[in-house]
Amino acid sequence: MHSMLRVATWNVNSVKARKERFLAFLHRQRPDIVCLQELKGLEEIFPLAETKAAGYHAAIHGQRTYNGVALLSREPIAQVVKGFDDAGDETAARFIGGTTMGVRAYSAYIPNGQAVGSDKFAYKLEWMRRLRAYFDARHRPNEKILLAGDFNVAPEDRDVYDPEAWRGQILFSEPEKAALAKICGFGFQDTFRKFHEEGGHYSWWDYRQLGFPKNRGLRIDFIFATAPLWERCSAASIEREERKGTLPSDHAPVLAEFDG
DNA sequence: ATGGTTGCTTAGCAA
């Protein structure tokens, strides 16, 4: 691994709609590895020329209208995987991985689930089960692995602006929290919580009902790292500024830094 | 200011 590794994850909610903001973010923050979610388009809508000019290699798993994930890196990306390759449903482009800059990195967009008890909720839990199974089958927790993305689950009360109102609801139900804990049980730790213990830090705010101005948010975007990386994590942040201004994504980017 | 989303695709869905 390199002497310093800066990693970012961001659900951009359409890379086409967010193109200028996203490129400005790349130039301002200069992350080494970037995990993107909700591209909402095929690879042809991704600003490949601009990201290449900014110094990035890219691996894209696109999809028309929905989903879509990408991995960017300052160095070439090897052994790219798209989807779980486990005989389950692969119609949704929600998972991409690659080896770059001395680590194995994955960008994941966990299904939203819509409502507890719905068909989409069952799909979400099954997708999360498959995510854990993927790591059990392909990796060991002593490898340097990053798993970053929009998990659509807030793990604890301190990650929710009004936990009593949200308790049992979608994004904050017990089965979802258990499924996320199971994924982390592989050996992933939350880089943000290494440095920030208190509540009030969120990564997503609903566009509706003045969610952001009222800071009615949830922390559902994470950069998880296995122990060999987590131990070297030296900083983590949520870039709340990116949620401000004209036509932002409903998610803020999350950053983490690792010392080599 | 007594309200109040956005994006994709084109009226309705997803988040």
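This is a predicted model: local features need pLDDT of at least 70, side-chain atom pairs count only at pLDDT 80 or more; totals for chains, interfaces and linings use all residues.
Residues are numbered from 1 along each chain as its sequence is written, chains are lettered from A and ligands numbered from 1 in the order in which they are written, and side-chain values use heavy atoms, with hydrogens and water left out.

Helix H5 covers residues 174-184. Helices (H or I, at least four residues) and strands (E, at least two) are DSSP runs, numbered from the N terminus. The buried residues of H5 are Glu-176, Lys-177, Ala-179, Leu-180, Ile-183 and Cys-184. Seen down the axis of H5, these residues fall within an arc of 160 degrees, so they line one face of the helix. The arc is that of the directions from the helix axis to the C-beta atoms. Buried stands for under 20% relative accessible area, exposed for over 50% and partly exposed for what lies in between (1.4 Å probe, protein chains only). The cover over the buried residues of H5 includes helix H3 (119-138) and the strands E8 (145-150), E9 (188-190) and E12 (221-226).

The structure holds 20 aromatic pairs. Rings of Phe, Tyr and Trp (its six-membered ring) pair if their centres lie within 6.5 Å; planes under 30 degrees apart count as stacked, over 60 as edge-to-face and the rest as tilted. Phe-135 and Phe-186 form a tilted pair, because their ring centres are 5.5 Å apart and their planes stand at 40 degrees. Phe-135 lies in helix H3 and Phe-186 in the loop between H5 and E9, so the pair ties together parts that are 51 residues apart in sequence. Phe-135 is buried at a relative accessible area of 0%, and Phe-186 is buried at 7%.

The rings of Phe-151 and Phe-224 have their centres 5.0 Å apart and their planes at 80 degrees, so this pair is edge-to-face. Phe-151 is in the loop between E8 and helix H4 (163-166) and Phe-224 is in strand E12, so parts that are 73 residues apart in sequence are tied together by the pair. Phe-151 is buried, with 0% relative accessible area, and Phe-224 is buried at 3%. One aromatic cluster is formed by Phe-84, Phe-95, Tyr-106, Trp-127, Tyr-134, Phe-135, Phe-186 and Phe-188.

Strand E8 contains Gly-149, which is buried at 0% relative accessibility. Gly-149 and Cys-35 are 114 residues apart in sequence, and their C-alpha atoms are 6.6 Å apart in space. Leaving out residues up to four places away in sequence, Gly-149 touches Thr-9, Gln-37, Ala-108, Ile-220, Asp-221 and Phe-222, where contact means heavy atoms within 4.5 Å.

Around DNA strand B there are 17 residues, of which Ser-14, Arg-18, Thr-65, Lys-120 and Tyr-207 come nearest. A residue is near a strand if one of its heavy atoms lies within 4 Å of it. Of the atoms of DNA strand B within 4 Å of the protein, 72% belong to sugar or phosphate and the rest to bases. Phosphate oxygens of DNA strand B lie 3.1 Å from a polar side-chain atom of Arg-18 and 2.6 Å from a side-chain N or O atom of Thr-65. At Tyr-207, a polar backbone atom is 3.1 Å from a sugar or linking oxygen of DNA strand B.

Terms used. A polar contact is a pair of N or O atoms within 3.5 Å; within protein, one must be able to donate a hydrogen and the other to accept it, and residues adjacent in sequence count only if both atoms are side-chain atoms.
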